[in-house]
Amino acid sequence: MRELVTKLRRHVLWLLLLAALPALAGKSCVDCHAGAAERSWALSKHGVIARIEVGRERRRTPDCGGCHGFEAKAPAPQHYLKKTSRMEAREQAVAGCGTCHAPRYVAEQLAAAQRGLALGEMKRREAEALVQLARKEMNATELAQIEKLLATLRDENLRELRLGLAHQSPDYQWWLGQAALDGSLLRIKGALGEARRTQARTRVAAE
Ligand code: HEC
Ligand code: HEC
Ligand code: HEC
């Protein structure tokens, strides 16, 4: 009998350990999402206030898990097991705003975010159209520089804008987002103009 109890107890201990494993693995959001995702939040009013109030019993602004309840419940390296999960997570992240802010205020913020993103996408399309032309006109060396600028615009500037809008971070929206997109676009135009002038000069010299 006693043997059985000891055995059972061991099983129970194992079960408890297994149940606790996710928590033990317990990496926090920012262990895996350092960089722009964390910083855009940290520089937002939510982030600034949350850090001031750290340790207080009642905190007024949300940290990562306060909005990303979906990801907090599925913290593995893969949060989204179904195709629809990412969409569901997005909807949840936005639905929570209303627990602290007035509906009209939230609607205005979300509409402004849509407009900001549309503006960013417009800049991306303009850049892509220019690079399309460059691909027809230029040699590989000239093109390489322009492709690099396009990659920065698409993968960095646009992502930082998206994070700025999602996390209400003015810094990421305006400085690292829109202003950086404008900068990359200008540099693409500049490089394209420069390459065209060089080509024209070579042509004249050859004639
Ligand atoms: C163990 C590492 C890890 C932890 C901890 C983690 N994530 Fe993730 N997260 C990932 C990976 C990897 C991806 C991309 C794969 C995927 O889509 O599931 C991802 C994707 C995401 C995305 C979608 C990003 C995109 O670009 O589409 C969000 C939002 C996100 N995580 C939020 C969170 C939040 C909030 C937490 C904390 C509650 C968290 N994550 C904890 C690894 C992690
Ligand atoms: C005020 C609510 C809120 C807080 C707090 C918050 N997020 Fe978000 N986050 C959002 C919303 C809304 C989106 C846009 C919808 C989406 O992509 O899930 C988003 C998007 C993201 C994305 C995807 C961006 C992309 O590339 O499309 C990542 C990654 C992310 N958040 C990580 C974090 C991390 C890490 C923290 C904490 C440091 C955090 N978030 C805090 C609301 C929040
Ligand atoms: C847990 C409560 C809470 C949640 C959830 C929350 N907020 Fe906030 N938010 C606050 C508080 C508190 C402040 C700081 C006081 C203020 O400025 O109104 C704030 C500030 C803001 C600001 C900055 C206002 C300014 O004056 O600069 C914006 C924008 C904002 N929230 C939008 C959102 C959006 C959009 C969501 C959902 C994605 C959200 N909040 C979710 C509590 C919350």
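## Basis of the model

Residue numbers start from 1 along each chain as its sequence is written, while chains are lettered from A and ligands numbered from 1 in the order in which they are written. In this predicted model, local features need pLDDT of at least 70 and side-chain atom pairs count only at pLDDT 80 or more, whereas totals for chains, interfaces and linings use all residues.

## Overall fold

The protein chain contains ten helices and zero strands, where helices (H or I, at least four residues) and strands (E, at least two) are DSSP runs numbered from the N terminus. Its pattern along the sequence is accordingly written α-α-α-α-α-α-α-α-α-α.

Of the 207 residues in the protein chain, 18% are buried. A residue is termed buried if 20 or more other C-beta atoms lie within 10 Å of its own, exposed if 12 or fewer do, and partly exposed in between, with C-beta atoms placed from the backbone. Two residues are in contact if their C-beta atoms, placed from the backbone, lie within 7 Å. Among contacts between residues at least 6 apart in sequence, 57% join residues at least 24 apart.

## Helix α9

Helix α9 comprises the 27 residues 140-166. At 1.5 Å a residue its span should be 39 Å, and the 37 Å between its end C-alpha atoms agrees with this; the expected span is 1.5 Å times one less than the number of residues. The helix bends by about 30° at L153, the bend being the angle between axes fitted to the seven residues ending at a residue and the seven starting there.

L153 is also among the buried residues of α9, which include I146, L149, N157, L158, E160 and L161. The cover over the buried residues of α9 includes α3 (36-42), α8 (103-137) and α10 (170-206). R162 lies in α9 and is partly exposed, because 19 other C-beta atoms fall within 10 Å. R162 and G116 are separated by 46 residues in sequence, and their C-alpha atoms are 8.7 Å apart in space.

## The loop at Q168 and helix α10

Q168 occupies the loop between α9 and α10. Its phi is positive, about 50°, although Q168 is not a glycine. Most residues other than glycine have a negative phi. Q168 counts as partly exposed because it has 19 C-beta neighbours inside 10 Å.

A180 is itself buried, as are Y172, Q173, L176, G177, L181, S184, I188 and A191. The buried residues of α10 pack against α3, α8 and α9.

## Shell around ligand 1

A residue is near a molecule if its C-beta atom, placed from the backbone, lies within 6 Å of it. There are 15 residues around ligand 1, of which C29, C32, H68, E71 and A72 come nearest. At least two residues are supplied by each of α2, α5 and α6 (69-73), and α2 has the largest share, with three residues.

By class, this shell has seven nonpolar, five polar and three charged residues. Ala, Val, Leu, Ile, Met, Phe, Trp, Tyr, Cys and Pro count as nonpolar, Asp, Glu, Lys and Arg as charged, and the others, Gly among them, as polar.

Ligand 3 has 17 residues around it, with K45, R60, C97, C100 and Q168 nearest. In this shell, α4 (45-52), α5 and α8 each supply at least two residues, and α4 gives the most, with three. Seven of the shell residues are nonpolar, eight polar and two charged. The shell around ligand 3 likewise draws at least three residues from each of domain 1 and domain 2.

Terms used:
Domains from an automatic or database assignment.
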